[in-house]
Amino acid sequence: MEEQDLRKILGKNIKFLRFRRQLSQLDLAEEAGISVTFLSNIERGNNFPQAKTLCNLAYALKVEVWELFKGEGVSNKEEISIVDRISNDFTKQVINTIETIRQQYKN
């Protein structure tokens with residue numbers, strides 16, 4: 001396996017686990033003690049973190065370090081499904097909040 005392949009697997013898995021925990025890049029970066037830019041580069045397979053950062057990311061994602069490297073990552077279809085679900089949940093929350101505010105102003 002080439003280093004670039006390993007970086008891509010790591011990046012896909014971190015992104016998948018972050019979506020699964022419904023964390024933004026900012027949330028995960030803060031929990032792991034790294035910058036959002038660095039996290040973004042990891043998720044895109046451009047950077048490979050040091051051991052301490054891997055441990056911090058795994059801890060923040062509530063997984064073991066080895067789980068960051070398992071399999072071939074998630075498929076694009078699974079990734080899109082996760083993003084769609086999170087987007088739908090967020091949209092519903094925004095609509096409910098707007099409706100609550102409207103009701104308050106009507107009274």
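User: Which residues does N41 touch, not counting residues up to four places away in sequence?

Analyst: In this predicted model, N41 touches N46 and N47 once those sequence neighbours are set aside, and N41 itself lies in helix α3.

User: What makes N41 buried or exposed?

Analyst: The relative accessible area of N41 is 17%, and since buried means under 20%, N41 is therefore classed as buried.

User: How do you know whether R18 is buried or exposed, and where is R18 found?

Analyst: R18 is found in helix α1, and its relative accessible area is 6%; the cut-off for buried is under 20%, so R18 counts as buried. Leaving aside neighbours within four places in sequence, R18 is in contact with L23, S24, Q25, L28, L39, E43 and L61. The C-alpha atoms of R18 and K62 are separated by 10.0 Å, although these residues are 44 apart along the chain.

User: Why are α2 and α3 described as roughly perpendicular to each other?

Analyst: Helix α2 (residues 25–32) and helix α3 (residues 36–43) pack at an angle of about 105 degrees, with their axes 9 Å apart. Angles of 65 to 115 degrees count as roughly perpendicular, and therefore the pair receives that description. On the α2 side the contact involves Q25, L26, L28 and A29, which meet V36, L39, S40 and E43 in α3. These residues divide into 5 nonpolar, 2 polar and 1 charged.

User: What angle do the axes of α1 and α3 make, and what would that angle be called?

Analyst: The axes of α1 and α3 cross at roughly 120 degrees and come within 7 Å. The roughly perpendicular range is 65 to 115 degrees and roughly antiparallel begins over 145, so an angle of 120 degrees falls among the rest, which count as oblique. The contact is made by R7, L10, G11, K12, I14, K15 and R18 of α1 together with L39, I42 and E43 of α3, a set that divides into 4 nonpolar, 1 polar and 5 charged.

User: How do you know that the buried residues of α2 line one face of the helix?

Analyst: The buried residues of α2 are L28, A29 and A32. Seen down the axis of α2, these residues fall within an arc of 100 degrees, so they line one face. They pack against α1 (3–20), α3 and α4 (51–61). Just after α2, G33 takes a positive phi of about 75 degrees.

User: What makes the buried residues of α4 a face of that helix, and which exposed residues lie on the side turned away?

Analyst: In α4 the buried residues are T53, L54, L57, A58, A60 and L61, and, viewed down the helix axis, they fall within an arc of 165 degrees, so they line one face of α4. Those residues pack against α1, α2 and α3, whereas the face turned away from the buried side carries A51, K52 and Y59, which are exposed.

User: How many helices and strands does the chain have, and what share of its residues is buried?

Analyst: The protein chain has 5 helices and 0 strands, and buried residues make up 31% of its 107 residues.

Methods
Residues are numbered from 1 along each chain as its sequence is written. This is a predicted model: local features need pLDDT of at least 70, side-chain atom pairs count only at pLDDT 80 or more; totals for chains, interfaces and linings use all residues. Side-chain values use heavy atoms; hydrogens and water are left out. Helices (H or I, at least four residues) and strands (E, at least two) are DSSP runs, numbered from the N terminus. Buried means under 20% relative accessible area, exposed over 50%, partly exposed in between (1.4 Å probe, protein chains only). Axes are lines fitted to C-alpha atoms, for helices over the stretch in contact, and angles run from 0 to 180 degrees between N-to-C directions. Angles under 35 degrees count as roughly parallel, over 145 as roughly antiparallel, 65 to 115 as roughly perpendicular and the rest as oblique. Contact means heavy atoms within 4.5 Å. Ala, Val, Leu, Ile, Met, Phe, Trp, Tyr, Cys and Pro count as nonpolar, Asp, Glu, Lys and Arg as charged, and the others, Gly among them, as polar. The arc is that of the directions from the helix axis to the C-beta atoms.
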